[in-house]
Amino acid sequence: MTVHFIGAGPGAADLITVRGRDLLAACAVCLYPGSLTPPDLLAHCPPGARVVDTANLSLDEIVGELTAAHAAGHDVARLTSGDPSLYSTVAEQMRRLDATGVPYDVVSGVPAFAAAAAVLNRELTVPEVGQSLVITRVQARSTSMPPGEDLATFAASGTTLAVHLAITKIDRVAAELIPHYGEDCPAAVVAHASQPGEKILRGTLASLPAQVREAGIGRAAVIFVGRTLAAEKFPDSFLYSAARDRSRQPDSL
């Protein structure tokens with residue numbers, strides 16, 4: 001029997017992948033983060049499935065549920081918000097499953113920053129404006145950030161930033177980034193992307209803290225900072241250029 005770590009997407013029930021939905025419908029046990037999972041998504045669980053909200057469980061209790069289901073001969077759908085590769089806590093769960101010999105796999109999902117960029121109608125990699133993206137967070141009550149992974153270090157490159165888990169620290173974020181990007185640098189916040197109650201703020205590093213306070217945003221938000229957010233006069237990419245030699249273009253899959 002297998003534990004399937006499934007990215008549930010950013011919030012909307014129809015943004016889970018087809019593979020994730022089908023696995024969810026086939027598993028006799030489902031563990032999900034209650035504060036981040038839309039009820040509509042759990043409707044895909046089969047009748048009679050054991051459905052466990054992990055919001056108030058410790059890591060040991062969660063792993064206990066996974067190993068007990070495996071011992072009983074059940075496949076398990078372990079839902080995570082967004083994509084399992086980002087801020088999902090699956091690493092420590094997989095480490096414990098490795099120690100007990102329980103098999104698992106990972107099913108990707110739509111990450112929060114991608115859903116938020118879609119809401120903004122923005123590409124985050126624009127020719128000759130920005131071709132890189134840093135995904136990070138700030139130190140709060142959670143585990144400490146590794147040395148060298150502070151906002152000032154990332155900001156020194158001028159790269160577009162997608163800052164997670166930091167909306168309650170928006171004043172600090174702006175203060176640390178303004179010396180590198182400037183007060184007029186485009187910035188945006190998307191809260192609850194794809195969900196009811198979705199909120200979108202567009203402004204600058206200087207204006208964003210006041211906008212966040214006025215909107216009453218306190219959780220489930222991504223902060224974007226970078227010139228790509230307002231880029232207009234940029235060259236077309238080479239990919240579809242008429243000057244590109246397509247004589248050696250590979251066949252379609």
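In this predicted model, Ala 187 sits across from Gly 203, a residue of strand 9. The pairing of strand 8 with strand 9 is antiparallel and runs over six bridges. As a reminder, the strands of a sheet pair through backbone hydrogen bonds, in either a parallel or an antiparallel sense. Both strands belong to an open sheet of five strands, whose order is 6-7-10-8-9 and whose pairing is mixed. Strand 6 (133–137) and strand 9 (199–204) form the edges, each pairing on one side only. From one strand to the next, the twist averages 15 degrees. Helix 5 (residues 112–119) packs on this sheet and touches strand 6, strand 7, strand 8, strand 9 and strand 10. The direction of helix 5 makes about 65 degrees with that of strand 10.

In soluble globular proteins, nonpolar side chains tend to be buried together. Here the largest nonpolar core contains 25 residues, and Leu 177, Val 189, Ile 223 and Val 225 have the most contacts inside it. At least two residues of this core come from each of helix 6 (151–155), strand 7 (160–164), helix 7 (170–181), strand 8 (186–191), helix 8 (208–215) and strand 10 (221–225). The element that gives the most is helix 7, with four residues. When residues up to four places away in sequence are left out, Leu 177 touches Leu 151, Ala 155, Leu 161, Gly 182, Leu 205 and Val 225. Another core lies apart from the largest one; this core has 15 residues, including Ile 6, Leu 24, Cys 27 and Cys 30.

The ring centres of Phe 5 and Tyr 104 are 5.9 Å apart and the planes stand at 75 degrees, over the 60 degrees required, so the pair is edge-to-face. This pair links distant parts of the chain, with Phe 5 in strand 1 (residues 3–7) and Tyr 104 in strand 5 (residues 104–107), 99 residues apart. Phe 5 is buried, its relative accessible area being 0%, whereas Tyr 104 counts as partly exposed at 27% relative accessibility.

Conventions. Residues are numbered from 1 along each chain as its sequence is written. This is a predicted model: local features need pLDDT of at least 70, side-chain atom pairs count only at pLDDT 80 or more; totals for chains, interfaces and linings use all residues. Side-chain values use heavy atoms; hydrogens and water are left out. Rings of Phe, Tyr and Trp (its six-membered ring) pair if their centres lie within 6.5 Å; planes under 30 degrees apart count as stacked, over 60 as edge-to-face and the rest as tilted. Buried means under 20% relative accessible area, exposed over 50%, partly exposed in between (1.4 Å probe, protein chains only). A nonpolar core is a set of buried Ala, Val, Leu, Ile, Met, Phe, Trp, Tyr and Cys residues joined through side-chain atoms within 4.5 Å. Contact means heavy atoms within 4.5 Å. Two strands pair if DSSP finds at least two bridges between them. Axes are lines fitted to C-alpha atoms, for helices over the stretch in contact, and angles run from 0 to 180 degrees between N-to-C directions.
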